[in-house]
Amino acid sequence: MHMLNLGILAHVDAGKTSLTERLLHSAGVIDEIGSVDDGNTRTDTLALERRRGITIKSAVVSFPLDGVTVNLIDTPGHPDFIAEVERVLGVLDGVVLVISAVEGVQAQTRVLMRTLRRLRIPTLLFVNKIDRGGARHEPVLREIAARLTPAIVPMGTATGLGTRTARFTPGLGPAAALDVLTGHDDALLAAYVDNTLTDASLHRSLVAQTGQALVHPVYFGSAATGAGVEALLTGVRTLLPAADGDADGPVSATVFKVDRGPAGEKVAYARMFSGTLRTRDRVPFGTDGTEGRITGISVFGHGTDTRADSVAAGRIARLTGLGEVRIGDAIGEPRKAYEHLFAPPTLETVVVPGPGVNRGALHLALTQLAEQDPLIGLRRDERRQETAVSLYGEVQKEVIQATLAEEYGLEVTFRETTPLCVERPVGTGQAVEFNKKDPNPFLATVGLRVDPAPVGSGVGFRLEVELGSMPYAFFKAVEDTVRETLDQGLHGWQVTDCVVTMTHSGYSPRQSHAHQGFDKSMSSTGADFRGVTPLVLIEALRRAGTRVHEPLHRFRIEAPADTLGALLPVLAGLAAVPETTRNREDVCVLEGTVPAARVHALEQRLPGLTRGEGEMESSFAHYAPVTHGTIPERPRTDHNPLNRKEYLLNVTRRVGG
């Protein structure tokens with residue numbers, strides 16, 4: 001059976017979910033097309049999605065298409081839920097990227113297309129809403145070529161734009177297609193020169209180059225009226241490559257979504273890349289190879305998922321029985337490391353429980369939400385009994401609040417959203433604590449050096465001591481504790497872009513008395529190394545010094561040229577820095593950077609400053625040193641190794657000196 005795992009991606013409100021409904025209706029899976037406005041679509045199943053009219057969670061639905069079973073994955077369009085999109089991209093065979101014929105190329109469209117091209121995922125473009133007033137054809141094609149990619153092949157022409165009778169007439173224009181296709185196909189160019197070019201050879205080249213993500217066919221149509229949808233379905237069937245994989249090979253799958261069943265059990269959505277998985281199979285999963293037994297399998301087909309005894313390569317399945325599974329985990333043989341494709345969250349807020357809300361129940365609920373969205377990080381402060389959550393934006397905060405109320409019965413509010421900063425070392429620092437020497441109460445010798453590393457390199461750990469100088473478990477305890485301690489630097493922010501080198505090591509060998517057991521008071525344990533490492537590392541960081549960096553977003557504003565005078569002072573007041581300004585007829589285009597904490601305020605003020613005509617797109621750019629105001633501090637949630645006395649009182653009773 002031929003399979004195709006197809007993603008539907010778009011900027012919010014481009015008509016992505018409406019197109020999904022139309023595709024299901026055209027395939028005969030549903031008798032009546034659902035409406036986003038009426039809240040009765042097939043893929044937006046959450047009450048919150050139906051109420052707000054946006055997709056929040058990715059959803060899988062299947063339909064047959066001329067001998068091909070298409071697993072269609074509808075993804076969120078709002079940038080606050082980019083993590084949902086990220087997880088889906090790694091399991092797709094092809095994508096339909098939806099663009100509005102009215103609004104044209106929008107901010108999220110560009111973010112998505114850049115990622116699709118980098119990952120070389122075959123992509124068709126569908127320009128939706130040709131029946132709406134203001135719909136455009138040639139101008140949108142020019143926009144796509146200028147702002148997304150010039151490697152596009154129009155697959156027909158749209159007529160009657162802006163009316164309910166708008167139509168799309170399929171037809172591969174040889175002239176338009178040749179310019180793009182011959183750039184990657186010398187044989188096609190030679191056939192054109194020799195005047196032996198045929199429609200069949202042109203189509204073969206289009207299929208091959210689309211499958212390699214070298215070119216992107218463009219269709220126009222309307223999900224509301226069905227115009228152009230049949231042509232798009234033909235393109236999906238003939239131009240996008242089917243799922244491959246050896247059903248007899250070793251089991252290899254990737255988990256892209258984790259949900260919970262009616263009894264609270266974890267349900268893993270996994271794409272099978274190789275092998276066949278059966279119920280009652282024991283399989284390793286995750287980074288540490290934990291084993292679990294598959295207790296249930298459901299596969300997708302003809303609009304719904306049904307119970308099955310097995311699932312083979314190429315398919316998507318819902319799996320139960322893997323209690324500790326997480327998003328991004330490999331099942332069986334790892335295919336490739338799970339990588340983050342988009343920027344991490346740059347905002348954080350503290351969740352405040354409402355009257356009568358149990359803090360333990362709230363933390364459990366937040367933990368379950370974080371399991372479903374790994375880019376939402378939780379930060380638990382046991383001393384203050386508080387939980388902070390990292391975010392992409394304000395809409396995401398509202399969704400978390402509503403989800404906690406509706407699904408868990410927990411009413412919460414939030415403190416002010418603050419930016420998530422990072423710390424980077426500015427120099428080199430080292431420190432050491434020696435075993436059995438005051439003031440070190442731990443039976444362990446640990447010396448560490450901290451050096452700055454290139455931006456984006458993360459954290460590295462190295463050894464300048466012999467690996468055989470003490471048991472490996474003690475080295476592992478030091479490395480794990482180093483990475484954990486770097487979550488909170490001198491100012492409380494995560495420390496990154498550094499290399500930590502272990503310069504000294506030592507331990508007390510296992511001691512025992514005759515006829516007695518192990519004497520812990522005379523023998524080193526992993527707890528000794530885990531206890532002393534934060535003291536050494538923080539002292540090394542103190543000597544190196546760290547600088548706090550705040551997240552900056554790159555913005556692009558298009559606004560009437562005569563509003564520039566009102567815009568610039570506001571941008572300055574929000575610490576935004578315009579870097580380029582250019583005029584295009586009566587429109588000015590501003591590009592620059594703005595602190596992540598000010599993006600929401602800029603978005604709110606823009607309509608009033610530009611008579612409602614301004615358009616803005618923004619995305620994470622980089623971290624930059626904090627140069628204005630006081631250096632932001634983040635409350636610590638650990639035992640505070642910055643204060644040696646407090647730390648030792650909290651960590652150990654074996655305190656000396």
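## Nonpolar cores

The largest nonpolar core of this predicted model has 78 residues. Leu6, Leu19, Val96, Ile144, Tyr219, Leu232 and Val236 are the residues with the most contacts inside this core. Helix α9, spanning residues 229-239, gives the most to the core, with six residues. Leaving out residues up to four places away in sequence, Val236 touches Leu4, Leu6, Leu65, Val96 and Leu124. Among these partners, Leu6 and Val96 are themselves listed with Val236 as residues with the most contacts inside the core.

A second core is separate and has 30 residues. Val450, Cys498, Val500 and Leu535 are included in this second core. In soluble globular proteins, nonpolar side chains tend to be buried together.

## Helix α1

Helix α1 covers residues 16-26, and eight of its eleven residues are buried, so the helix is largely enclosed by the rest of the structure. The buried residues are Lys16, Thr17, Leu19, Thr20, Glu21, Arg22, Leu23 and Leu24. Leu19 also belongs to the group with the most contacts inside the largest nonpolar core. Just after α1, Gly28 takes a positive phi of about 80°.

## Packing of α12 and α13

Helices α12 and α13 pack at an angle of about 40°, and their axes are 8 Å apart. That angle makes α12 oblique to α13. The crossing of the two helices is right-handed.

From α12, the residues in the contact are Phe474, Ala477, Val478, Thr481, Val482 and Thr485. They meet Gly526, Phe529, Arg530, Thr533, Pro534, Leu537 and Ile538 of α13. By class, the contact of α12 with α13 has eight nonpolar residues, four polar and one charged.

## Packing of α13 and α16

Helix α13 (residues 526-544) also packs with α16 (residues 644-651): their axes come within 11 Å and cross at roughly 165°. The two helices are therefore roughly antiparallel to each other, and α13 passes α16 in a right-handed crossing. On the α13 side the contact is made by Arg530, Gly531, Pro534 and Leu535. On the α16 side it is made by Arg644, Tyr647, Leu648 and Val651. These residues divide into five nonpolar, one polar and two charged.

Arg530 and Pro534 of α13 take part in the contact with α12 and also in the contact with α16.

## Buried loop residues

Gln488 is in the loop between α12 (472-485) and β29 (494-495). Gln488 is buried, with a relative accessible area of 8%. Setting aside neighbours within four places in sequence, Gln488 is in contact with Arg379, Trp493, Gln494, Ile538, Pro635, Arg636, Thr637 and Asp638. One of these, Ile538, is also among the α13 residues that meet α12.

Val626 lies in the loop between β34 (615-625) and α16. Its relative accessible area is 19%, and Val626 counts as buried because the cut-off is under 20%. Val626 and Val548 are 78 residues apart in sequence, yet 6.1 Å apart in space from C-alpha to C-alpha. Not counting residues up to four places away in sequence, Val626 touches Val548, His549, Glu550 and Pro632.

## Backbone geometry in loops

Most residues other than glycine have a negative phi, and most peptide bonds are trans. Asn195 has a phi near 60°, a positive value in a residue other than glycine. Asn195 sits in the loop between α7 (186-193) and α8 (199-211), and this residue is exposed, with a relative accessible area of 71%. Arg280 has a positive phi as well, near 75°. The place of Arg280 is the loop between β12 (276-278) and β13 (282-285). Arg280 is exposed too, with a relative accessible area of 62%.

The peptide bond from Asp438 to Pro439 is cis, and its omega is near 5°. Pro439 is found in the loop between β26 (429-433) and β27 (444-452).

Methods: Residues are numbered from 1 along each chain as its sequence is written. This is a predicted model: local features need pLDDT of at least 70, side-chain atom pairs count only at pLDDT 80 or more; totals for chains, interfaces and linings use all residues. Side-chain values use heavy atoms; hydrogens and water are left out. Axes are lines fitted to C-alpha atoms, for helices over the stretch in contact, and angles run from 0 to 180 degrees between N-to-C directions. Helices (H or I, at least four residues) and strands (E, at least two) are DSSP runs, numbered from the N terminus. Angles under 35 degrees count as roughly parallel, over 145 as roughly antiparallel, 65 to 115 as roughly perpendicular and the rest as oblique. A crossing is left-handed if the near helix is turned anticlockwise from the far one by less than a right angle, and right-handed if clockwise. Contact means heavy atoms within 4.5 Å. Ala, Val, Leu, Ile, Met, Phe, Trp, Tyr, Cys and Pro count as nonpolar, Asp, Glu, Lys and Arg as charged, and the others, Gly among them, as polar. Buried means under 20% relative accessible area, exposed over 50%, partly exposed in between (1.4 Å probe, protein chains only). A nonpolar core is a set of buried Ala, Val, Leu, Ile, Met, Phe, Trp, Tyr and Cys residues joined through side-chain atoms within 4.5 Å.
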